[in-house]
Amino acid sequence: MDKICIRGVGAVSSAGWNAAALHEAVRAGRPLPAQTCARPGDGRNWPCESRFAPASPPEKVARHPRLRRSSAITRYSVAAAMEALADAGHDPAAPPSGLGILFVMMNGCVNYTGRFYHEVLQNPAQASPLIFPETVFNAPASHLASFLGVDGAVSTLVGSPNSIMEALDTAAFWIRSGIVEECLVLAAEECDWLSAEALTYYHPKLVASEGAGALLLAAGGGGPRVSEVTGPLAYLSWEERCGLLPELAARTLARVEGPATLINDRTGISKIDHAEAAAWAVRPWEAVLSPKHVLGESMGAGCALQLVLGTLAARQTQRPVVISMPGANTAAYACVLEP
């Protein structure tokens with residue numbers, strides 16, 4: 001992977017519809033405003049907040065027959081992918097040949113899934129078959145490939161947010177093997193009441209968020225590269241996760257010299273953050289960025305947004321960026337981006 005460059009990045013988040021807005025908000029460090037996420041029937045008796053992506057500006061509204069019926073997760077992904085292509089110097093209206101797509105998600109197309117099964121429960125005979133195709137995990141990748149005219153390798157990985165590291169490894173293999181010349185790696189999430197409510201069972205102060213992060217990878221052309229990857233370090237419980245984090249940090253920092261930026265996974269909730277904070281506090285940092293504290297818990301898109309931020313920081317500082325991705329289920333990762 002260390003020979004693969006991140007040529008372009010794009011993002012949609014609760015901060016706005018481009019990577020620059022994401023970078024500016026996270027560097028400011030102030031949590032964005034949240035709003036109550038309503039539950040159908042309004043039967044919830046505890047607070048539950050979310051940070052949604054703002055309404056898309058006119059220039060971000062992509063026009064394509066498929067997109068007329070697609071859900072938010074697809075619209076976020078298309079916007080992030082187009083920005084990543086433009087950032088790499090491509091014309092988004094005429095993407096390069098030999099382009100592949102790897103999509104990563106955790107919850108998937110939750111809005112249309114909820115709508116479809118609501119109809120099934122209300123009256124199975126009236127459940128719309130037009131909605132059902134939008135419920136499958138591969139729907140956003142399929143829409144994006146159709147929109148860009150990609151007829152090469154396209155696949156979707158379902159897992160925890162740091163599964164994007166597996167997608168980066170797969171993309172590097174595709175490029176080295178000649179399966180694709182360049183690869184768009186994306187992760188996206190759309191917020192709904194059920195996801196937001198589920199987070200509060202982990203901690204009542206967790207705020208759900210949404211968006212998409214896109215990275216365009218190639219074997220050349222310049223740009224930051226993933227020089228080191230630590231992990232996966234497997235765990236089966238929160239206690240095991242806490243015990244692994246010092247090893248994750250030590251193994252990563254052994255390969256980092258001089259000033260560097262840290263992009264961590266901290267939420268601003270000490271009960272959740274204390275082990276990660278202690279693990280990475282063994283050395284001084286030029287800057288420390290905590291996107292979840294500002295944006296909220298973006299679930300499947302979270303680590304992709306960290307990588308987008310890391311790419312921008314590496315470009316800006318021309319120094320290494322360390323990204324901590326301890327995850328919340330089964331495995332911890334960290335990586336180093338070199339400018």
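**Reading helix packing and salt bridges**

Guide: In this predicted model, the axes of helix α7 (residues 238-253) and helix α8 (residues 270-280) come within 8 Å and cross at roughly 25°. Because angles under 35 degrees count as roughly parallel, α7 is described as roughly parallel to α8.

Visitor: Which values are used to describe two packed helices?

Guide: Two packed helices are described by the angle between their axes and by the distance between those axes.

Visitor: Which residues of α7 and α8 meet?

Guide: From α7 come Trp238, Arg241, Cys242, Leu245, Pro246, Leu248, Ala249, Thr252 and Leu253, and they meet Ile272, Ala275, Glu276, Ala279 and Trp280 of α8. Sorted by class, the contact of α7 with α8 has 11 nonpolar residues, one polar residue and two charged residues.

Visitor: Now for salt bridges: what should I look for, and how many are there?

Guide: Look for a side-chain nitrogen of Lys or Arg within 4 Å of a carboxyl oxygen of Asp or Glu; by this rule the count comes to eight salt bridges. One of them joins Arg39 to Glu197, with the closest N and O atoms 2.7 Å apart. This pair links distant parts of the chain, since Arg39 sits in the loop between β2 (35-36) and β3 (49-51), while Glu197 belongs to helix α6 (residues 193-202), 158 residues apart.

Visitor: Is Glu197 buried or exposed?

Guide: Glu197 counts as buried, because its relative accessibility is 5% and the cut-off for buried is under 20%.

Visitor: Which parts of the chain does the salt bridge between Asp87 and Arg315 tie together?

Guide: The side chains of Asp87 and Arg315 meet at 2.6 Å, N to O. Asp87 lies in helix α2 (residues 72-87) and Arg315 in helix α10 (residues 302-317), so the bridge ties together parts that are 228 residues apart in sequence. Asp87 is partly exposed at 33%, and Arg315 is also partly exposed, at 29%.

Visitor: Where do Arg319 and Glu286 lie?

Guide: Arg319 lies in the loop between α10 and β12 (321-325), and Glu286 in the loop between α8 and β11 (287-289). These two residues form a salt bridge whose closest N and O atoms are 2.1 Å apart.

Visitor: Which residues are linked in a network of salt bridges?

Guide: Asp265, Lys292 and Glu297 are linked in such a network.

Key
Residues are numbered from 1 along each chain as its sequence is written. This is a predicted model: local features need pLDDT of at least 70, side-chain atom pairs count only at pLDDT 80 or more; totals for chains, interfaces and linings use all residues. Side-chain values use heavy atoms; hydrogens and water are left out. Axes are lines fitted to C-alpha atoms, for helices over the stretch in contact, and angles run from 0 to 180 degrees between N-to-C directions. Helices (H or I, at least four residues) and strands (E, at least two) are DSSP runs, numbered from the N terminus. Angles under 35 degrees count as roughly parallel, over 145 as roughly antiparallel, 65 to 115 as roughly perpendicular and the rest as oblique. Contact means heavy atoms within 4.5 Å. Ala, Val, Leu, Ile, Met, Phe, Trp, Tyr, Cys and Pro count as nonpolar, Asp, Glu, Lys and Arg as charged, and the others, Gly among them, as polar. Buried means under 20% relative accessible area, exposed over 50%, partly exposed in between (1.4 Å probe, protein chains only).
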